[in-house]
Amino acid sequence: MSMLPITAAKPFLFIRLVDQIEKARDAVAEATRKLANSTAALEAKPDDAELRKDVDEGEKLLADAYEELDRLEAELEANPDQPVYKLRVPSFDINAAFEEALVRLPTYPGDRKMFRAIEASCLIPSDDPDFVVVKEALKKSGGGVSEDLSAIFQDLYERADNAEAVQDIRAARLRFTKGVARLRTKHYLIGFEGVRDLDGDLVPYLAENGYPTDATINAIPPEDITAIGDKVQELNTLRGRGGNSRRGAKSSASPQPSQPSPTDTVTETVEIQRIP
């Protein structure tokens with residue numbers, strides 16, 4: 001990966017698998033560093049059981065990191081013809097346009113709506129201790145369920161997840177998540193090469209009014225859509241753009257009760273990604 005001066009006129013070239021390999025290499029380097037520190041500490045205190053445990057855990061962490069790196073590099077070797085996505089560099093104006101479009105999506109159903117759906121299911125007795133503690137917490141809270149009650153809230157959800165009202169909230173959350181992914185791709189993707197359809201034929205990049213068409217977005221593999229969103233959010237941070245950290249945020253469409261809404265910030269550096 002080579003660093004270039006930031007300019008909104010220069011796009012970021014993104015290859016999902018290459019990005020994953022770079023992050024896996026970072027993970028190997030970090031695991032190696034931690035293991036070296038633990039090993040040095042154990043050498044100084046060879047009878048320390050906690051330090052021995054740290055070394056054992058560090059060895060496993062490093063082995064897992066190498067295994068993941070080997071898997072990704074083997075995948076790239078077997079499939080070197082990877083799609084390349086041309087992304088807009090996040091800027092104040094582009095982020096503002098995305099955020100305006102985001103406001104027009106149906107509201108993300110928060111914890112209160114999920115709790116009301118759980119309550120309406122009548123699958124959990126109103127005097128259930130977990131039900132009562134979450135209900136009282138939501139009465140006092142100005143927002144959602146606090147972190148210390150998230151496991152209890154998750155359990156309530158799982159006990160009522162067959163109820164139609166609860167499934168409706170889950171479906172609304174999935175629609176919101178997918179809608180955000182589509183909007184982010186629409187606003188930040190300005191081209192691609194190497195995207196193929198199910199028959200193996202190259203798909204042309206088509207745009208209308210400066211945005212990729214629905215057919216263009218639908219041609220992109222779902223895992224690449226997710227990765228594009230992760231990369232855009234990463235580029236919206238100084239650490240992500242400056243190359244000090246290439247740890248991407250995880251995406252999930254899991255039906256858990258609490259799920260954060262997307263946020264974006266504006267910064268000013270960029271990297272161009274290349275196949276090693």
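Is aspartate 81 buried, partly exposed or exposed? Aspartate 81 is partly exposed, with a relative accessible area of 48%. For the terms: buried is under 20% relative accessible area, exposed is over 50%, and partly exposed is in between, with a 1.4 Å probe and protein chains only.

First, the ground rules. This is a predicted model: local features need pLDDT of at least 70, side-chain atom pairs count only at pLDDT 80 or more, and totals for chains, interfaces and linings use all residues. Residues are numbered from 1 along each chain as its sequence is written, and side-chain values use heavy atoms, with hydrogens and water left out.

Stay with aspartate 81. Its partner in a salt bridge is arginine 196, with the closest N and O atoms 3.2 Å apart. A salt bridge here puts a side-chain nitrogen of Lys or Arg within 4 Å of a carboxyl oxygen of Asp or Glu. Aspartate 81 sits in the loop between H2 and S3, and arginine 196 in the loop between S4 and strand S5 (207-208), so the pair ties together parts 115 residues apart in sequence. Helices (H or I, at least four residues) and strands (E, at least two) are DSSP runs, numbered from the N terminus. Arginine 196 is partly exposed too, at 40%.

By this rule, the count is 19 salt bridges. Take aspartate 19 and lysine 231: their closest N and O atoms are 2.7 Å apart. Aspartate 19 is in helix H1 (residues 16-44) and lysine 231 in helix H9 (residues 222-235), 212 residues apart. Both ends are buried: aspartate 19 at 7%, lysine 231 at 3%. The two also belong to a network of salt bridges with Lys23 and Glu234.

Now arginine 25 and glutamate 73. Their salt bridge has its closest N and O atoms 3.1 Å apart. This one links H1 to helix H2 (residues 49-78), across 48 residues. Arginine 25 is partly exposed at 36%, and glutamate 73 is partly exposed at 28%.

On to the sheet. Three strands make an open, antiparallel sheet in the order S2-S3-S4. Strands pair if DSSP finds at least two bridges between them. S2 (12-14) and S4 (189-193) are the edges; each has a single partner strand, so one side of each lacks a neighbour in the sheet. Four bridges join S3 (residues 84-87) to S4. Leucine 87 stands opposite leucine 189 in S4.

Last, serine 121. This residue lies in helix H4 (residues 111-121). Serine 121 is buried, at 17%.
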